[in-house]
Amino acid sequence: MPSFDEQFSKKFKTLKRTDLSVPLNEFLTTHCQSVKALICGAGAPVPIETLNCLPSLSCVLTVSAGLDHIDLVECKRRGIVVCNAGTAYSEDAADFAVGLLIDVLRRISAADRYVRAGLWPVKGEFPLGSKLGGKRVGIVGLGSIGSEVAKRLEALGCIISYNSRSKKSTVPFPYYSNVVDLASNNDILVLCCELNEETFHIINKEVMVALGKKGIIINVGRGALIDQEEFVRCLVQGDIGGAGLDVFENEPYVPKELLELDNVVLSPHKAVLTPESFAALHELLIANLDAFFSGKPLLSLVKK
């Protein structure tokens, strides 16, 4: 089977900035005046300054699920359509979120360190973990990823409720319009929502206090969904029971305090990355560009 690059280059004419010594906006102004579509990732912001360099741009496609790196307001004003990764990552992200939760509850990573350090024959039995089944789980953001998380955890015997921008009429789970109320009525919060002005630090001190000393937070969304400074303090002081974190507020830097905590499982922002998700993403990119250039409906259009 042809590689993605081979398939892509046969269908579309592309411009790539290979000489990184040339500033991005200089490259765009010099070479990209006729560019109609732009592909970017979460690490490549698309602010108004970049849009100003692309007068012919009509479509932005990001390979991420999140959109916080794109000036959506300015894209809407200019009539530029935006597509994201759609559901390409949803199943893998949900699997990872559940994996983090099981790890935190059953202390798998901590037990692994215990055995490798030779502590089993010296200190004896490892402390007990907690059962997953029967836990009350609140999902923050019941989109494509959150829905997959709910499906998996319900099958494992968890009791699901959720917070989202609005109540979903087809969803059977209890809805909380306020994240504090969601936290008060759950043992665990799983963060799957996008990062924007409304969700920045949506998990603050009040939410953490409402969740309680045995509460667990799993984050596969964006680091800045959590007030990280307050979160670290709560974890260190025992005001929160544990966490599974794939994302952080100032990546790739992780607060050193978290490195010492056995009730925290850490991952380097890799929840959605598998060969299978890449294949699904590549298929989606080509399908979206085919649709864009032929005037057909886009498959993962973002409603701004």
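There are six aromatic pairs in this structure, which is a predicted model. I'll take one pair as the example. The ring centres of Tyr162 and Tyr175 sit 5.2 Å apart and the planes meet at 50°, so this pair is classed as tilted. For reference, the edge-to-face label needs planes over 60 degrees apart, and the stacked label needs them under 30.

Where do Tyr162 and Tyr175 sit in the chain? Tyr162 belongs to strand β5, residues 159-163, while Tyr175 is in the loop between β5 and α9, the latter being 179-184. The two tyrosines are 13 residues apart, and the pair links distant parts of the chain. Their surroundings are as follows. Tyr162 has 0% relative accessibility and therefore counts as buried. Tyr175 has a relative accessible area of 25%, so that residue is partly exposed.

Staying with aromatics, one cluster is made of Phe4, Phe8, Phe12, Phe292 and Phe293.

How many cavities of 30 Å³ or more does a search of the whole structure find? The search returns one. The largest cavity holds about 60 Å³ of space. Its lining consists of Asn219, Gly223, Ile226, Gln228, Phe231, Leu245, Val247, Phe248, Glu249 and Leu258. By class that lining divides into six nonpolar, three polar and one charged.

Asn84 is located in the loop between β3 (81-83) and α5 (90-106). With 16% relative accessibility, Asn84 counts as buried, because the cut-off for buried is under 20%. A polar atom of the Asn84 side chain lies 3.1 Å from the backbone oxygen of Ala65.

The other residue is Val46, in the loop between β1 and α3, with α3 at 48-52. Is Val46 buried or exposed? Val46 is buried, at a relative accessible area of 2%. Thr62 is 16 residues from Val46 in sequence, and the distance between the two is 9.8 Å in space, C-alpha to C-alpha.

Last, the annotation. UniProt, in an unreviewed entry, lists residues 98-271 under "domain: D-isomer specific 2-hydroxyacid dehydrogenase NAD-binding". In the model, the C-alpha atoms at the ends of residues 98-271 are 11 Å apart, and the span is 33% helix and 14% strand. The UniProt record, also unreviewed, places "domain: D-isomer specific 2-hydroxyacid dehydrogenase catalytic" at residues 15-302. For residues 15-302 the end C-alpha atoms lie 24 Å apart, with 36% of the span in helix and 12% in strand.

Definitions and conventions
Residues numbered from 1 in each chain as written. Predicted model: local features only at pLDDT ≥ 70, side-chain atom pairs only at ≥ 80, totals over all residues. Heavy atoms only, no water. Phe/Tyr/Trp six-rings, centres within 6.5 Å; stacked < 30°, edge-to-face > 60°. Helix = DSSP H or I, 4+ residues; strand = E, 2+ residues; numbered from the N terminus. Buried < 20%, exposed > 50% of the residue type's maximum accessible area, 1.4 Å probe, protein only. UniProt positions renumbered as here; feature names shortened; annotations may be inferred. Polar contact = N/O pair within 3.5 Å; in protein donor to acceptor, adjacent residues only side chain to side chain. 1 Å grid on protein atoms, 1.4 Å probe; cavity = no way out; pocket = protein on both sides within 12 Å on 5 of 7 lines; lining within 4 Å. Points joined across faces, edges and corners; volume = space filled by probe spheres on them. Nonpolar A, V, L, I, M, F, W, Y, C, P; charged D, E, K, R; others polar.
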